[in-house]
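I opened this structure for the first time and kept notes on what I looked up. The entries follow in the order of reading.

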Amino acid sequence: MRKLSIAIDGPAGAGKSSVSKILAARLGYAYLDTGAMYRAVTYEVLSKGIFDEIEIVRMINKIDMEVKPDKDAMLVFVDGEDVTPFLRTADVSAHVSWVSAMAGVRRAMVKIQRKQAGKGGIVLPNADVKIFLTSSAHTRAIRRCMELAAAGQDVTPEGIEEDIEKRDYQDSHRAVSPLRQADDAVLLDNGDLTLEETADAIISICREKFPGFDA
């Protein structure tokens, strides 16, 4: 059975992490949630009160970031501390686009991601199959609201939708690596699909491109 590399990109709240977990479990693959890694950096920035790009990059170059698979998630450790529980807070979500838009931050993060690649389990830009996963801002807001409510946070769909629309604009207009569908990526709108159905659709796309890859 051929092992494919599968890249899943798309706007915030489209379900990239959740679908990646399902795919990894069903295909016996490992995955790397780079979005969670940027969130971990953002959490460290807010915790330390560092807002100058040069200082942020210096911090990233000093920290020891490691990702570890878990049965239900990918855990992110910074200097030995599991920061995963803090990555989906409203404060981190409000600042992650600003932090990830910095050119120096993205260069520093590539080094960390390449380090993880040496251990296996990272999806790189030259993936065999690229998926651009999306849905309407309203649908993504409802999903994120349910996720945050389950974690005990008091949020409203309207507020979350406004935040998502702002982040969509910031991510698609940043000077470095703006969020947009790659020329060779397959667009998949999962607005009417469950996470399991989204995983089914991605596996079907993989089979079309590489017949029998999971036989």
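Which residue in S6 is the bridge partner of Leu-133? I found Leu-188.

Before going on, I noted that this is a predicted model, in which local features need pLDDT of at least 70 and side-chain atom pairs count only at pLDDT 80 or more, while totals for chains, interfaces and linings use all residues. Residues are numbered from 1 along each chain as its sequence is written, and side-chain values use heavy atoms, with hydrogens and water left out.

**Entry: strand S5.** I took helices (H or I, at least four residues) and strands (E, at least two) as DSSP runs, numbered from the N terminus. Two strands pair if DSSP finds at least two bridges between them. S5 covers residues 129–134. Four bridges join S5 to strand S6 (residues 186–189), and the two run parallel. S5 also pairs with strand S1 (residues 6–9) in the parallel sense, over four bridges. There, Ile-6 stands opposite Val-129.

I then checked burial, where buried means under 20% relative accessible area, exposed over 50% and partly exposed in between (1.4 Å probe, protein chains only). Six of the six residues of S5 are buried. In a regular strand the side chains alternate between the two faces of the sheet. In S5 both faces are covered, with Val-129, Ile-131 and Leu-133 on one side and Lys-130, Phe-132 and Thr-134 on the other.

**Entry: Thr-134.** This residue of S5 counts as buried because its relative accessibility is 17%. I listed its contacts (heavy atoms within 4.5 Å). Leaving out residues up to four places away in sequence, Thr-134 touches Pro-11, Ala-14, Leu-187, Leu-188, Asp-189, Asn-190 and Gly-191.

**Entry: helix H8.** What does H8 pack against? Its buried residues pack against S1, helix H1 (16–27), S5 and S6. Those buried residues are Thr-198, Ala-199, Ala-201, Ile-202, Ile-203, Ile-205 and Cys-206. Cys-206 counts as buried because its relative accessibility is 1%.

**Entry: nonpolar cores.** I used the term for a set of buried Ala, Val, Leu, Ile, Met, Phe, Trp, Tyr and Cys residues joined through side-chain atoms within 4.5 Å. The largest such core has 31 residues, of which Val-41, Ile-60, Met-65, Val-76, Val-105 and Met-109 touch the most other members. Helix H2 (34–48) gives the most to this core, with seven residues. I followed Met-109 and, leaving aside neighbours within four places in sequence, found it in contact with Met-37, Tyr-38, Val-41, Ile-60 and Met-65. Apart from that core lies another, of 20 residues, among them Ala-14, Tyr-29, Val-129 and Ala-199.

**Entry: aromatic pairs.** Rings of Phe, Tyr and Trp (its six-membered ring) pair if their centres lie within 6.5 Å; planes under 30 degrees apart count as stacked, over 60 as edge-to-face and the rest as tilted. How many aromatic pairs does a search of the whole structure find? I noted two. Tyr-43 and Phe-86 are stacked, at 5.0 Å centre to centre and 5° between the planes. Tyr-43 is in helix H2 and Phe-86 in the loop between strand S4 (81–82) and H4, 43 residues apart. Phe-51 and Trp-98 form a tilted pair, 6.2 Å centre to centre with 35° between the planes. Phe-51 lies in the loop between H2 and H3 and Trp-98 in helix H4, so this pair ties together parts that are 47 residues apart in sequence.
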